[in-house]
Amino acid sequence: MHFFIDNLQLTEQSIADSFGIEDINQNLFKVTTEFQLTTKAKTFACQDGMIIIQQSTIDEGLVNIMLKPRKSLNISLSSVKYYIYRGVSKDSLFINDKIIPNSQAPENSFLKRIWQEVAGLRIDFDLPDYPDPTLGSFGYDNDLLNDLEIEKIFNNSQSNTFPIYVKEGEWIGNFEANKKIGFEVILENDNLEIPSFNNQINLEYLRKQNHVIDVSGLTGFEKRAKQELALSYIDPCAFFGLHYDVGVNISVFLANTKTIENKKQAELYNELLDKFHNRNKVYLDIRSENGYSYNFYKNYKDVNNKNIKMEGESLTYETDSWPILILDSPNKDKINLNLRIDDNLKPILFSENRELYDNYNNSCFIDDTKLLNENPTDWSKDIALKFPLTDIKNVSYYAKLYYYRQENTTHHRNASLKSQPTFNAIFCPINLDKIADNNNEFQHLIFSENLFSKGILPNIDIKFSYGAEAGVYWDASRILFYTKAVFKNERIGKFFNNTINSNNGFDLEGNFNKTSFLSSRISLNVNILQETVSSNVYEEVKVLDIIQNKNSTGAIEDLICFGITKTEFSELKNITGFTDFHHRYIYLEELENSPFTDKYGIDFRKYEIKTQGLDDDGKSLIKGSDNPIFVYSQNGLVFASKEFAKDYEDFTKEKYFALFLQFLNINPKTTWTQFASWFIEGALDYNNSFDVTFAGDLSNIMYDLKVANSNNTLNQLEINWPNWQKIKQNIKNAFADNIHSGAKVVKTFYDEIIGNPYVNNTVSIVVLNIYIDELRNEIKQSTNINKDTMNWDDLFKIWLFELSRPTFPNDKINFTWDSNVINGSNIYNPDTNAVYNFPKGNPSMLSDIKKGLLNGAFNEGNTMNRYFKYDFAELYATLSDKNIGIQMLGSYDTKATVISKSGNVAVIKFFISNILGWESATRFVQTKEGTIGVIKDKRIHDGLHLGGNLKNTYTWTEIVTY
């Protein structure tokens with residue numbers, strides 16, 4: 001995290017310019033933090049991300065910049081959606097409606113890097129006429145209409161206007177002298193999407209001087225609902241205060257030299273926060289179920305309408321009617337609070353920030369056994385929260401907690417939502433604007449709030465509970481909601497057998513959907529039932545169940561899914577009677593007499609889907625469609641409508657046999673064993689025409705080898721073998737497409753040779769190696785074997801086709817900082833593919849390195865090791881990022897050594913040693929099972945001349961400030 005401005009140029013902030021409720025008019029909540037500067041000040045990117053620049057509406061000489069970060073924070077806080085810099089000098093970026101030319105771009109600036117990259121493109125790709133960047137390539141276009149959503153630029157859907165990448169800490173422009181400047185931090189919060197509140201994040205929003213939430217003229221429920229918008233923002237002072245222990249970086253310039261210094265604890269307060277008016281304010285943000293504020297549903301109050309105690313004093317949870325408690329200079333490092341019980345007879349408290357709690361066994365949860373007194377009727381026990389303190393003053397801080405209910409009660413108030421009969425309301429809201437939008441490139445949405453899932457699965461009388469991620473995937477015709485365990489609390493203790501030969505997962509269309517964990521890590525069983533519709537009349541229903549979950553531990557309760565069609569989803573959304581000021585949720589109402597039994601005695605459960613929300617008076621409402629919609633389930637893990645599940649097939653080998661007969665008609669030399677190993681257990685896809693062609697050619701070459709072995713005519717294959725030429729061309733075409741396709745076909749070829757008893761013999765291998773060596777020489781012509789300029793694709797081919805000799809003695813490549821694969825030059829996406837950006841263990845060792853440097857435990861000559869385990873979470877992340885590097889390395893150990901240490905700066909040497917073998921190759925090849933089975937590693941030129949072990953080391957140094 002980098003500070004947003006040159007901190008030395010910040011002026012003392014007035015109360016009128018500070019974040020929060022306006023002093024004069026308490027109907028206004030100001031979300032832009034402003035400063036009246038007296039001198040020009042450099043502006044810095046807080047995180048890596050994409051930016052767009054827009055003209056300010058108040059001054060032709062100013063622009064506003066929005067930064068959308070690409071990575072999550074290293075603190076316990078909901079992700080930041082945007083940073084906004086208001087009042088940046090236009091001439092620090094543009095001159096005469098053009099980007100500042102290279103000759104005038106300051107050293108160590110964002111602009112200078114852009115020009116250097118343009119120059120590199122012109123040289124490296126021999127494109128001397130490659131055009132200069134335009135204003136549109138910086139997201140700047142005054143002709144775009146005010147109501148254009150910001151995301152329509154960030155998703156590259158505009159023809160001439162695009163976002164541009166910035167690196168954390170880059171100098172991106174200057175705030176103007178003698179001008180009022182603003183800075184804003186917007187959190188991921190789906191309340192921003194409610195159109196009635198006129199708070200859309202569009203170009204009009206970005207172009208204005210500041211933003212204020214205005215509830216003037218509103219009363220009652222509508223006012224209360226709009227005030228929730230304040231929770232979508234965070235005071236930048238408190239935001240940086242959350243980095244009290246990890247620190248915030250600043251840039252220090254001396255002539256043309258830039259150094260980075262990290263400010264934490266007292267230095268952070270005294271040098272970065274001291275100019276903020278709110279430097280001692282502590283924000284207490286308590287949420288109820290579904291992410292609304294603690295008392296949004298007005299169900300907590302004593303006889304005096306008080307609903308929270310602070311240090312024994314009864315208060316109302318609000319600040320001037322806004323739904324957040326702002327404590328002004330409490331000057332305490334620990335605060336005791338009590339919450340109301342009322343209709344929440346079994347509460348549970350949750351926070352992502354475990355450091356916030358005082359003595360609760362390092363858990364995210366404080367459950368009812370610790371919250372309730374022996375005979376609870378009104379208040380909880382004391383809840384002790386910790387806050388940073390410096391010089392007896394509180395550092396501005398933000399504490400977010402969720403006060404969930406674990407069960408409904410008989411006197412449940414009519415203003416709050418009901419939980420499901422057997423488990424809590426668990427799926428994300430259905431009225432989020434982007435759900436089912438096929439213009440959304442990724443067709444995936446994650447709800448911004450942590451939901452609490454608790455319940456009992458059918459036939460298992462053990463409760464489970466966890467803090468959940470709720471999301472949704474969709475394609476052109478179907479929608480799939482899911483809830484996934486993230487913060488685990490109560491566990492059932494039962495797990496899937498993840499070693500079985502699984503079936504397919506969910507099969508939504510689209511490349512992004514096919515790489516999701518719901519497709520590649522989940523296995524479904526399809527039960528075909530005969531439901532009774534009347535006497536002796538039955539109707540086929542397919543019921544889906546999860547039988548395998550290779551995410552995390554594989555606990556059976558960790559994933560719950562809900563699938564309906566888009567038509568059914570539209571019917572749910574169109575149910576009338578609900579207010580637009582509150583989210584609407586799925587409510588599953590089990591039918592009377594459920595579970596039912598089908599014609600053949602198979603039990604199943606049936607539910608009517610209803611919508612739950614609030615009406616215009618703010619009272620809870622549950623209502624179904626005029627044409628009832630039903631979903632079916634057996635084990636309580638998948639709820640799917642008949643139409644959603646109707647096209648799912650039980651992909652057993654018997655089902656595939658029909659496809660085999662179709663394949664056999666064209667490729668009569670193929671055996672069932674081959675077909676099954678390629679298309680069922682293996683990586684080939686029968687719906688992919690290239691894969692089908694390759695499989696046909698592979699069956700021909702295997703038949704040739706089998707016949708030649710039987711007739712002792714293998715030597716004749718050396719003279720003329722046309723089927724090999726087809727396989728060779730297939731391999732070359734696959735690599736021309738991408739490295740994953742190449743890995744897939746070569747792995748299938750290698751498996752077939754090694755696993756076929758008719759072919760895996762010395763004479764056949766010798767003959768095959770003649771042809772493989774011929775292919776190797778052709779591949780070598782298009783492969784860069786220079787260790788400093790090669791990229792990951794080159795390294796993969798050097799390993800796969802055993803090209804290391806004689807260039808690299810002992811089959812070992814030693815990469816240093818001069819190598820592209822370490823420093824990131826001329827490789828795809830250096831943010832994820834440069835070794836120096838790779839994770840330094842999980843968790844990263846960097847914080848421990850800085851801690852050791854600071855406390856004197858890590859000195860010159862000392863070393864530290866940290867292991868990075870490459871499990872499925874990392875695999876899925878790297879597939880999404882196209883991070884070829886980490887896929888090749890897999891799990892690895894990083895060694896850090898202190899070379900020198902002076903002041904608050906140290907030079908650290910990092911070292912990674914890795915062996916590329918067949919185990920590495922399998923990480924490029926995905927099947928219905930995830931990654932395919934590992935082949936035993938071998939030495940180069942042993943056996944088949946493919947994929948011999950290649951050792952590679954990576955050595956580089958970094959400057960670390962502490």
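This is a predicted model: local features need pLDDT of at least 70, side-chain atom pairs count only at pLDDT 80 or more; totals for chains, interfaces and linings use all residues.
Let's start with strand 12, which covers residues 180-187. Of its 8 residues, 7 are buried, so the rest of the structure largely encloses this strand.

Strand 12 has strand 3 (residues 33-36) as an antiparallel partner, with 4 bridges between the two. To spot this pairing, look for Gln36, which sits opposite Lys180 of strand 12. Strand 7 (residues 80-89) also pairs with strand 12 in the antiparallel sense, this time over 6 bridges. Here you can look for Val80, whose bridge partner in strand 12 is Leu187.

Next comes an open sheet of 5 strands, in the order 19-16-26-21-22, where the pairing is mixed. Strand 19 (325-328) and strand 22 (365-366) stand at its edges; each has a single partner strand, so one side of each has no neighbour in the sheet. At the strand 22 end, 2 bridges tie that strand to strand 21 (residues 347-350), and the two run antiparallel. Leu349 has Ile366 in strand 22 as its bridge partner. As background, strands of a sheet pair through backbone hydrogen bonds, either parallel or antiparallel.

Strand 14 (residues 248-254) and strand 15 (residues 257-263) also run antiparallel, joined by 7 bridges.

## Backbone details in the loops

A couple of prolines are worth a look. The peptide bond from Ser594 to Pro595 is cis, with omega near 10 degrees. You'll find Pro595 in the loop between strand 34 (585-590) and strand 35 (596-597). Arg805 and Pro806 are joined by a cis peptide bond too, with omega about 0 degrees. Pro806 belongs to the loop between helix 19 (792-800) and strand 40 (812-815).

Asp811 lies in the loop between helix 19 and strand 40 as well. Although Asp811 is not a glycine, it has a positive phi of about 50 degrees. Asp811 counts as buried because its relative accessibility is 12%. Asn96 is another non-glycine residue with a positive phi, near 55 degrees, and its place is the loop between strand 8 (94-95) and strand 9 (98-99). With a relative accessible area of 71%, Asn96 is exposed.

## Salt bridges

How many salt bridges turn up in a search of the whole structure? The search finds 44. One of them joins Arg478 and Asp507, with the closest N and O atoms 2.9 Å apart. This pair links distant parts of the chain: Arg478 is in strand 30 (residues 478-488), while Asp507, 29 residues away, is in the loop between strand 30 and helix 8 (511-514). Arg478 counts as buried at 10% relative accessibility, whereas Asp507 is partly exposed at 30%.

Glu643 and Lys646 form another salt bridge, at 3.0 Å from N to O. Glu643 is partly exposed at 39% relative accessibility, and Lys646 is partly exposed at 43%. Then there's Arg939 with Asp942, at 3.2 Å from N to O. Arg939 is exposed at 61%, while Asp942 is partly exposed at 30%. Salt bridges with shared partners also connect Asp17, Lys30, Glu34 and Lys180 into one network.

## Patches on the surface

One is negative and is made of Asp147, Glu149, Glu204 and Asp433. Its member Asp147 lies in the loop between helix 1 (110-124) and helix 2 (151-154), and counts as exposed at 58% relative accessibility.

Phe125 is in the loop between helix 1 and helix 2. At 54% relative accessibility, Phe125 is exposed.

## A buried cysteine

Is Cys237 buried or exposed? Cys237 is buried, because its relative accessible area is 0%. You can find this residue in helix 5 (residues 236-241). Lys90 is 147 residues from Cys237 along the chain, and their C-alpha atoms are separated by 26 Å.

How values were computed. Residues are numbered from 1 along each chain as its sequence is written. Side-chain values use heavy atoms; hydrogens and water are left out. Patches are made of residues with over 30% relative accessible area and no salt bridge: like charges are joined within 9 Å, nonpolar side chains (Val, Leu, Ile, Met, Phe, Trp, Tyr) within 5 Å. Accessible areas come from the Shrake-Rupley method with a 1.4 Å probe; for residues, only the protein chains shown count as cover. A salt bridge is a side-chain nitrogen of Lys or Arg within 4 Å of a carboxyl oxygen of Asp or Glu. Lys and Arg count as positive and Asp and Glu as negative; His and the chain ends are not counted. The place of a charge is taken as NZ of Lys, CZ of Arg, CG of Asp or CD of Glu. Buried means under 20% relative accessible area, exposed over 50%, partly exposed in between (1.4 Å probe, protein chains only). Two strands pair if DSSP finds at least two bridges between them.
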